[in-house]
Amino acid sequence: MTEKNLAEKIDALLPQTQCGLCGHGGCMPYATAIAEKNEAINLCPPGGERVLAKLAALLKQEPIPLKAPAKPAQVAVIQEEACIGCLKCITACPVDAIVGAAKLMHTVITDACTGCELCIPPCPMDCIELVAISEPVNDDEFYQKAELARQRYYKHNVRLKSDASMAEKQHEQAVKASMITNNQDEILAARKAFVAEAIARAKAKKGQ
Ligand code: SF4
Ligand code: SF4
Ligand code: SF4
């Protein structure tokens with residue numbers, strides 16, 4: 001088995017909350033560190049004993065105690081009356097589980113929330129709470145949730161890349177337009193068009 005294949009197999013056993021509590025940038029980076037750098041297998045609190053046992057079996061290692069206590073299943077809930085609609089939690093959520101628009105109340109999509117807590121520190125109003133939910137009854141339920149989180153995280157990353165490339169493209173067009181002419185009116189018009197497109201894009205996003 002190549003190290004890449006091994007990392008994928010390890011990643012398939014992880015909870016996909018992307019919380020970073022293992023000290024890596026997400027589940028796949030942790031899986032890669034285990035596969036390629038012999039990282040310890042006991043660093044995932046959301047996975048708890050369940051994931052530790054599966055990693056140990058896959059890698060033919062003895063299970064060792066979890067480095068930090070297992071994290072109980074939980075979801076975030078926004079105290080909507082205190083929310084000022086600053087969008088900071090939306091930006092922080094790796095699975096797009098928060099909906100809302102600027103200056104409007106935000107809400108968590110409970111079924112999509114992994115309880116990763118990444119939305120808590122950026123909130124200036126301290127108005128996001130974590131609420132315990134029932135633990136998955138078996139491996140099937142645990143890994144169905146993980147798969148949902150994996151898909152939402154994948155879509156989130158695709159969206160970020162597409163937003164960034166669209167903004168970059170429009171910026172390039174505006175810069176090119178200003179380079180091929182010395183006419184100040186044309187430069188101004190190109191820049192205005194760029195700003196107008198950016199505003200339209202932001203409005204469209206708010207309407208989603
Ligand atoms: S769920 Fe586990 S493996 Fe994934 S980022 Fe969090 S601690 Fe790391
Ligand atoms: S809403 Fe908060 S706790 Fe839930 S997945 Fe998004 S960032 Fe994590
Ligand atoms: S970070 Fe806090 S105040 Fe800002 S939109 Fe999210 S919940 Fe509301």
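## Arg152 and its contacts

Setting aside neighbours within four places in sequence, Arg152 is in contact with Val95, Asp96 and Ala112, where contact means that the C-beta atoms of two residues, placed from the backbone, lie within 7 Å. Arg152 sits in helix 5 (residues 139–179); helices here are DSSP runs of H or I with at least four residues, strands are runs of E with at least two, and both are numbered from the N terminus. This is a predicted model, in which local features need pLDDT of at least 70 and side-chain atom pairs count only at pLDDT 80 or more, while totals for chains, interfaces and linings use all residues. Residues are numbered from 1 along each chain as its sequence is written, and chains are lettered from A and ligands numbered from 1 in the order in which they are written.

Is Arg152 buried or exposed? Arg152 has 21 other C-beta atoms within 10 Å, so it is buried. The scale is simple: 20 or more other C-beta atoms within 10 Å of a residue's own make it buried, 12 or fewer make it exposed, and anything in between is partly exposed, with C-beta atoms placed from the backbone.

## The overall layout

Stepping back, the protein has 6 helices and 4 strands, and from the N terminus on they run α-α-α-β-α-β-β-β-α-α. Of its 208 residues, 23% count as buried. Among contacts with a separation of 6 or more, 58% come from residues 24 or more positions apart.

## Helix 1 against helix 2

How do the first two helices meet? The axes of helix 1 (residues 3–11) and helix 2 (residues 27–37) come within 8 Å and cross at roughly 130°; axes are lines fitted to C-alpha atoms, for helices over the stretch in contact, and angles run from 0 to 180 degrees between N-to-C directions. Helix 1 and helix 2 are therefore oblique to each other, given that angles under 35 degrees count as roughly parallel, over 145 as roughly antiparallel, 65 to 115 as roughly perpendicular and the rest as oblique. On the helix 1 side the contact is made by Glu3, Leu6, Ala7, Ile10 and Asp11, and on the helix 2 side by Cys27, Met28, Ala31, Thr32, Ile34, Ala35 and Glu36. By class, these residues are 8 nonpolar, 1 polar and 3 charged; Ala, Val, Leu, Ile, Met, Phe, Trp, Tyr, Cys and Pro count as nonpolar, Asp, Glu, Lys and Arg as charged, and the others, Gly among them, as polar.

The buried residues of helix 2 are Cys27, Tyr30, Ala31, Thr32, Ile34 and Ala35, and their cover includes helix 1. Just after helix 2, Asn38 takes a positive phi of about 60°.

A residue belongs to a shell if its C-beta atom, placed from the backbone, lies within 6 Å of the ligand. Ligand 1 has 16 residues around it, with Cys19, Leu21, Cys22, Cys27 and Cys44 coming nearest; its shell holds 10 nonpolar, 6 polar and no charged residues.

Ligand 2 is surrounded by 14 residues, the closest being Ala76, Cys93, Cys113, Cys116 and Cys119, and the shell divides into 11 nonpolar, 2 polar and 1 charged. Around ligand 3 there are 16 residues, the closest being Cys83, Cys86, Lys88, Cys89 and Cys123, with 12 nonpolar, 3 polar and 1 charged in the shell.

## Loops worth a look

Leu118 is in the loop between strand 3 (107–108) and strand 4 (128–132), and with 19 other C-beta atoms within 10 Å it is partly exposed. Beyond four places in sequence, Leu118 touches Cys19, Ala92, Cys93 and Pro94. The C-alpha atoms of Leu118 and Cys19 are separated by 6.7 Å, although the two residues are 99 apart along the chain.

Most residues other than glycine have a negative phi. Against that background, Leu87 has a positive phi near 75° and lies in the loop between strand 1 and helix 4 (88–92), partly exposed with 17 other C-beta atoms within 10 Å. Lys60, in the loop between helix 3 (48–59) and strand 1 (74–78), has a positive phi near 55° and is exposed, with 6 other C-beta atoms within 10 Å.
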